[in-house]
Amino acid sequence: YRFFGEPVVAACVENGANCIDISGEPQFLEEMYLKYNEKAAEKGVYIIGSCGFDTIPADMGVLYTRDKLKGTLTAVESFLTVKSGPEGSCVHDGTWKSAVYGLADQDNLRKLRKKIGYAPVPVVGAKLKKRGFLFYNQEFKEYSIPFMGADVSVVKRSQRYLYTELQETPVQYSAYVNIGSLGSAIKLMFAGFLFLLLVKFSFGRKLLTKVKFFSAGRFSKKGPTQKQMDGTSFTMTFFGEGYSEGQDPQNGKPNVKICTEVKGPEPGYVATPIAMVQAAVALLEDAACLPKQGGVYSPGAAFSKTKLIDRLNKCGVEFSVISKSEV
């Protein structure tokens with residue numbers, strides 16, 4: 001999307017066509033907001049980015065968790081687990097390149113956000129504590145690290161919109177991914193260090209994108225085989241906390257907790273098309289429930305009042321409540 005996405009957005013805005021994409025690149029998504037939000041509003045068209053895996057499960061998962069809690073949800077942590085069968089898993093080369101160029105350009109992303117001048121969103125309730133780079137997760141009995149994808153940036157955009165435009169209580173959010181044993185964690189830390197070192201230099205980026213060794217053979221121009229897809233699935237688990245009905249979130253500690261889950265088939269080639277198509281169906285059939293004016297939106301901002309979650313549930317990306325409790 002960094003290299004090829006903008007002409008599509010520009011053409012859609014110019015010609016009055018709604019647009020959905022599956023980008024997971026924060027810089028592209030937020031640059032389209034800066035450049036085309038006002039034009040899209042004038043034309044009455046909806047430009048909705050990141051309508052695939054993993055942002056639809058994350059963004060809509062936070063809203064689902066909020067709606068299922070009796071009271072006020074103030075903070076959520078999500079944990080992604082991807083399981084593969086005996087054939088292993090594989091991701092398309094394009095996803096790898098998105099990660100390489102995205103992390104190499106973090107400075108420009110910061111400048112872009114300053115240019116946009118996002119309105120600050122208040123912290124409601126107890127502040128969500130940030131976890132370390134690597135930690136042992138008692139709930140899953142394995143090690144976890146912060147998730148490096150677009151989830152946090154997309155959820156923040158949705159929460160900012162829901163707070164500023166609809167006066168809904170903003171939810172704090174952190175995203176993590178489960179990586180398994182200590183041995184797996186050590187290997188990943190070494191690979192991550194090498195990756196972060198190489199992306200800083202053009203020569204390093206060439207090595208990362210051209211030489212298979214540097215992507216550990218997990219990425220391919222062909223993508224996964226049918227057997228790999230059949231054996232792969234994902235689960236995203238959300239741990240939310242908040243305040244019971246009638247309690248002021250600005251006073252005292254959170255006194256209610258909730259655990260929800262979004263699970264589905266292979267993320268890239270099965271769950272993503274499901275999410276994208278159902279987002280398009282919601283855009284067409286739930287038009288009365290969309291934001292009142294067109295613009296460039298995140299999924300949570302665009303679809304919070306639609307039946308998207310119900311549609312996803314019927315198509316194999318399932319949202320469910322695991323547990324609720326009062327502390």
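These legends describe close-up views of a predicted model.

**View 1. Helices H1 and H2 pack with their axes within 9 Å.**
H1 spans residues 6-15, and H2 spans 26-43. Their axes cross at roughly 10°. Angles under 35 degrees count as roughly parallel, and H1 and H2 are therefore roughly parallel to each other. From H1, the contact takes in Glu6, Val9, Ala10, Val13 and Glu14. H2 contributes Phe28, Met32, Lys35, Tyr36, Lys39, Ala40 and Lys43. By class, the contact of H1 with H2 holds seven nonpolar and five charged residues, and no polar ones.

**View 2. Helices H4 and H8 pack at an angle of about 165°.**
H4 covers residues 93-104 and H8 covers 202-210. The two axes lie 10 Å apart. The angle makes H4 roughly antiparallel to H8, since angles over 145 degrees fall in that class. The crossing of H4 past H8 is right-handed. On the H4 side, the residues are Asp93, Trp96, Lys97, Val100, Tyr101 and Ala104. They meet Arg205, Leu208 and Thr209 of H8. The contact of H4 with H8 comprises five nonpolar, three charged and one polar residue.

**View 3. The whole structure holds one cavity of 30 Å³ or more.**
The volume of the largest cavity is about 40 Å³. Val9, Asp21, Phe28, Leu29, Met32, Ile47, Ile48, Gly49 and Val296 line the largest cavity. H2 gives the largest share of this lining, three residues. Helix H2 and strand S2 (46-48) each supply at least two lining residues. Seven residues of the lining are nonpolar, one is polar and one is charged. Val9, Phe28 and Met32 belong to this lining, and these residues also take part in the contact between H1 and H2.

**View 4. A cis peptide bond joins Phe53 and Asp54.**
Omega for this bond is about 20°. Asp54 sits in the loop between S2 and helix H3. H3 runs over residues 55-68. Strand S2 also supplies residues to the lining of the largest cavity.

**View 5. Lys141 has a positive phi.**
The phi value is about 60°. Lys141 is not a glycine. Lys141 is placed in the loop between strands S5 and S6. S5 covers residues 135-137, and S6 covers 142-146.

Note on methods:
Residues numbered from 1 in each chain as written. Predicted model: local features only at pLDDT ≥ 70, side-chain atom pairs only at ≥ 80, totals over all residues. Heavy atoms only, no water. Axes fitted to C-alpha atoms, helices over the stretch in contact; angles between N-to-C directions. Helix = DSSP H or I, 4+ residues; strand = E, 2+ residues; numbered from the N terminus. Parallel < 35°, antiparallel > 145°, perpendicular 65-115°, else oblique. Left-handed = near helix turned anticlockwise from the far one by under 90°. Contact = heavy atoms within 4.5 Å. Nonpolar A, V, L, I, M, F, W, Y, C, P; charged D, E, K, R; others polar. 1 Å grid on protein atoms, 1.4 Å probe; cavity = no way out; pocket = protein on both sides within 12 Å on 5 of 7 lines; lining within 4 Å. Points joined across faces, edges and corners; volume = space filled by probe spheres on them.
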